[in-house]
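User: I've got a structure here and would like to talk through a few spots in it. Can we take it one question at a time?

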Number of protein chains: 2
Amino acid sequence: MHENVSVAYGDATSFVKRLKEKRPLFVCIIGTSETAKIPGISAAGKNSEFTDYTPPADVEFLLLGKCECIASVPVTPEGIPTPALITRAAIKLAKISVLVVNGGSRIKPCIPFLDVGGSPGRDIRSGRAVDDPERIFHRAKVLGKELAKLSDYLVVGESIPGGTTTALAVLTAMGIEAEGKVSSSMPHNPHSIKVSIVREALRNSGLAFGSLSNDPFRAIAKVGDPVMAAFSGLVVGAAKSVPVLMAGGTQMCAILAIIKAVDPKLIDNVSIGTTKWIVLDAKSDIKGIVRQIAEVPILVAELDFKKSRFSGLRAYEDGAVKEGVGAGGATIAAMIKEGLTSDTILKEVERSYEQITLMRKFDGKAC
Amino acid sequence: MHENVSVAYGDATSFVKRLKEKRPLFVCIIGTSETAKIPGISAAGKNSEFTDYTPPADVEFLLLGKCECIASVPVTPEGIPTPALITRAAIKLAKISVLVVNGGSRIKPCIPFLDVGGSPGRDIRSGRAVDDPERIFHRAKVLGKELAKLSDYLVVGESIPGGTTTALAVLTAMGIEAEGKVSSSMPHNPHSIKVSIVREALRNSGLAFGSLSNDPFRAIAKVGDPVMAAFSGLVVGAAKSVPVLMAGGTQMCAILAIIKAVDPKLIDNVSIGTTKWIVLDAKSDIKGIVRQIAEVPILVAELDFKKSRFSGLRAYEDGAVKEGVGAGGATIAAMIKEGLTSDTILKEVERSYEQITLMRKFDGKAC
C-alpha cells in the first residue's frame, strides 16, 4: 500500500498490487438531470439551474485547465470550487490520460468527448427518469471493452449533480438500506429532502423497497440517472479484462449494486476509490451501504487541505463538496503511479486555483 | 521492413523501426457531405443517398462485426463490399484497439464514438462546405494529445464518401497539381466529373489554383469536408509525441498538405499507409501528389485477393473500391505487430464476408 492511500473497508491488498507500476486511464462520465434542480438537492452549481453547466465545465477544466461553457470553474452556492481542481492536479502531475464520456449532459462540453447515446435525466418523481438505460449500458460496455485494451486499468469518475439522490432512489428500489447514509456536497446533508423526494419517486413508480432488486435497468429507467447506465456499462465492459477503480462517494454504491445484479463475477475486479472527506463524514455511511452489497474494498486518498492558504480549499476539511469528478480515485491512481503526496497535490491545486481566481479578478470572461 | 509491407515512396526505414514491437491505436474518423451525392462522384454506397449510411455502418462493422444502421454492410452500386471488412480483419487478428471519431456524419453510428463538434459537409459548389473547421481542428488536436498518451503510435483512417473530390478541391486551392491524380472507389475513375465539380467550386468561391496555399482552414471551409479538419487536428495533436500512420489513399495528400501548412515540423513523424490497389492504380497517382508536398514515406500493404473464392473480393484486384476505412494502414499495423500475412487476413475477411452473406440470405434484417 502507498503511505497516502488507506483502506476504509475490505481487503485491498491484491487489488492494489495489480495497479502498481501500471498505466491507468482516467475516464470521466458526465450527465445532468432535472432531479438536481429540485430545491435543496444539489450544491453542484451556483444555483440549481446552473447544475446543467457543472458537468461540462468540470470536464473542460480536466482537459484544458480552463472552462469554456462558463466563465470560471463550477462552485457551490458558497463559492467553494469544484473537485475537478483535485482531479486535474492528480492526472496532470501523474501524466494520466483522460477521456470524457457524455452519459447524458444537457450542455455539450467544448472538448472531444465519447458519446454513448444518453440524454439528460428527468425528475425521478416522474417515474420515468431515463429512456432505455439498457441501450446506453450496452453501448458503454462496448466502449469499456475497447478502453480496457488501451490501458492496464481504468479509473472511472463522474460528474452529475443530484447524483446521491438518484443513487438513494436506485439503492432503495434494489433493496439496499441507504436512507440517511448517502453523502452530500453540502456540509449540512439534506437527508430529509432526499428521503422525501425518493419516497415520492418510488410511490409514483409503484415501487417499494427492494421491488427491483433483480432488475437494475428498470430501477434506472424509473428513478435513476443516465450516468448510472453509462458508468455501469463501462465498468462491466472493462472489468472482464482489467481492474477498475470506481472513483466516487456513495453514488458508487448504486453502481456497485447494478454491476452485481448484471454480472456478480466482475465484483472481484472492482474497488471504490474515494476521499478521506467521504469516509470520515459523520453524516453519511459509505461502508454501511457497501457492506450490504459486496465485499468490495474502499480505497481512500489521504488528502489534507487544512493548511491550505485558500479558505475555499480549507472548506473541504469542513465537509464542503467532499468528492466528485473522480477526485479521490484519480488521486489514488496518481499516488500509486508516481508516489505523489497530499502536499504535492495540494500545491498544484492551489497553483491552478490561484490562476483561476486571478483570471476572474482581471477578466470576468477569462475562460 | 516486414515481408508483406513495401515502400512505394520515400525512406521508411526509421519510421517503420519506431512501430516495431509497439502498441498501436487505430482511430477511424467518419463524416458525410452533400458533395458525395452529386451523381457520378462516389461509389461508397448502393446509391448516392445511401452515402449518408456508409460511414456509420463502416464503423459499426469495425467495432461490432455487424452493422446497426443498415441491414448489411455497405456495398458499391455493383455490390462490392466495404473495405471495413479488411480493416476489421486486421485489427481483430492483431488485437489492435479501435476508437471512432465522428468528424461530421449525418447519421450517428449506434456505437460509442468520440465527438469533436463537426457537422456534415455541404456541397463544395456552395463555396461554404464546412462551418468553422478551425474549431473542429482544435478540438481534435486536444483529442490527439490524449490518445498519444494511450498508445505507442496512432493509425488514423477515415470513411467519408466523396472524399477524393473534396481532396482534389483542397489540394488545388492549396496549389498542388492533383487533377487526374486522385483515386476513386470505381474501377473507372470519373476524373472529368470531379474536375468539373472542383473547378466550379473554386470559381464559386472566388479561388484560383494555389490561392489558399497558406490558409488550409479557409480551403477546408470553402471546398473541403469536415473529416479533413478532424483528421488533421488529430494528427497534429498526436504527432508531437508519437508516430502517426495516416491510413488512406489520395485523400491523405490533402491531409498532408494541411498538416504541412499548420506545422511543417510534424511531417517527420507521419507516413501514409495504403493498399497495393492504390499505388498500382494506373488511373491515379498518389506519389505524384505526395512528392509535391513533402518527402513522406508511403507504406503499402501487399494484400492479394486474386485467389479469393468470392467474386466481390476478387473485384478489389480489378480496381473496385481499392481503399477506405484505413484498410491499408490497419493491415500494415497488423502485419508489423503480429507478422500477419495477406493469406491470413484474406481468410478472416472471407470468413466474415461469408457470415454476412449468409445473414443476408436468411434474414434481410439480420444486422
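User: Let's start with A:Ala330: which helix of chain A is it in?
Analyst: Keep in mind that this is a predicted model. Going by the helix runs in chain A, A:Ala330 falls within residues 327–338, and that stretch is helix 13.

User: Is A:Ala330 buried or exposed?
Analyst: The cut-off for buried is under 20% relative accessible area. A:Ala330 comes in below that cut-off, so it counts as buried, with a relative accessible area of 1%.

User: Which residues does A:Ala330 touch, leaving out those up to four places away in sequence?
Analyst: Contact here takes heavy atoms within 4.5 Å. With residues up to four places away set aside, the partners of A:Ala330 are A:Phe26, A:Thr87, A:Ala90, A:Ile91 and A:Val155.

User: And what separates the C-alpha atoms of A:Ala330 and A:Ala294?
Analyst: Along the chain, these two are 36 residues apart.

User: Moving on to helix 7 of chain A, why is it described as largely enclosed by the rest of the structure?
Analyst: Helix 7 spans residues 216–223, eight residues in total. The buried ones are A:Pro216, A:Phe217, A:Ala219, A:Ile220, A:Lys222 and A:Val223, and they pack against helix 4, helix 5, helix 6, helix 8 and helix 9 of chain A.

User: Now the two chains. How much area is buried between chain A and chain B?
Analyst: On each side, 24 residues are in contact with the other chain. Carbon and sulfur atoms give 64% of the buried area, which totals about 2,200 Å².

User: Which residues in chain A lose the most area to chain B?
Analyst: Three residues together account for 27% of what the chain A side buries. They are A:Arg23, A:Pro112 and A:Leu150.

User: How many residue pairs are in polar contact across that interface?
Analyst: Don't look for salt bridges between chain A and chain B, as the rule finds zero. For polar contacts, with both residues at pLDDT 80 or more, the number of pairs is seven.

User: Which helix of chain A gives the most to the side that touches chain B?
Analyst: Helix 2, strand 3, strand 4 and helix 4 each supply at least two residues to that side. The top contributor, with seven residues, is helix 4.

User: What is the bridge partner of A:Asp115?
Analyst: Strand 4 of chain A pairs with strand 4 of chain B in the antiparallel sense, over three bridges. On the chain B strand, the partner of A:Asp115 is B:Phe113.

How values were computed
Residues are numbered from 1 along each chain as its sequence is written. Chains are lettered from A and ligands numbered from 1 in the order in which they are written. This is a predicted model: local features need pLDDT of at least 70, side-chain atom pairs count only at pLDDT 80 or more; totals for chains, interfaces and linings use all residues. Side-chain values use heavy atoms; hydrogens and water are left out. Buried area is the accessible area (1.4 Å probe) that two parts lose on being put together, summed over both. A salt bridge is a side-chain nitrogen of Lys or Arg within 4 Å of a carboxyl oxygen of Asp or Glu. A polar contact is a pair of N or O atoms within 3.5 Å; within protein, one must be able to donate a hydrogen and the other to accept it, and residues adjacent in sequence count only if both atoms are side-chain atoms. Helices (H or I, at least four residues) and strands (E, at least two) are DSSP runs, numbered from the N terminus. Two strands pair if DSSP finds at least two bridges between them. Buried means under 20% relative accessible area, exposed over 50%, partly exposed in between (1.4 Å probe, protein chains only).
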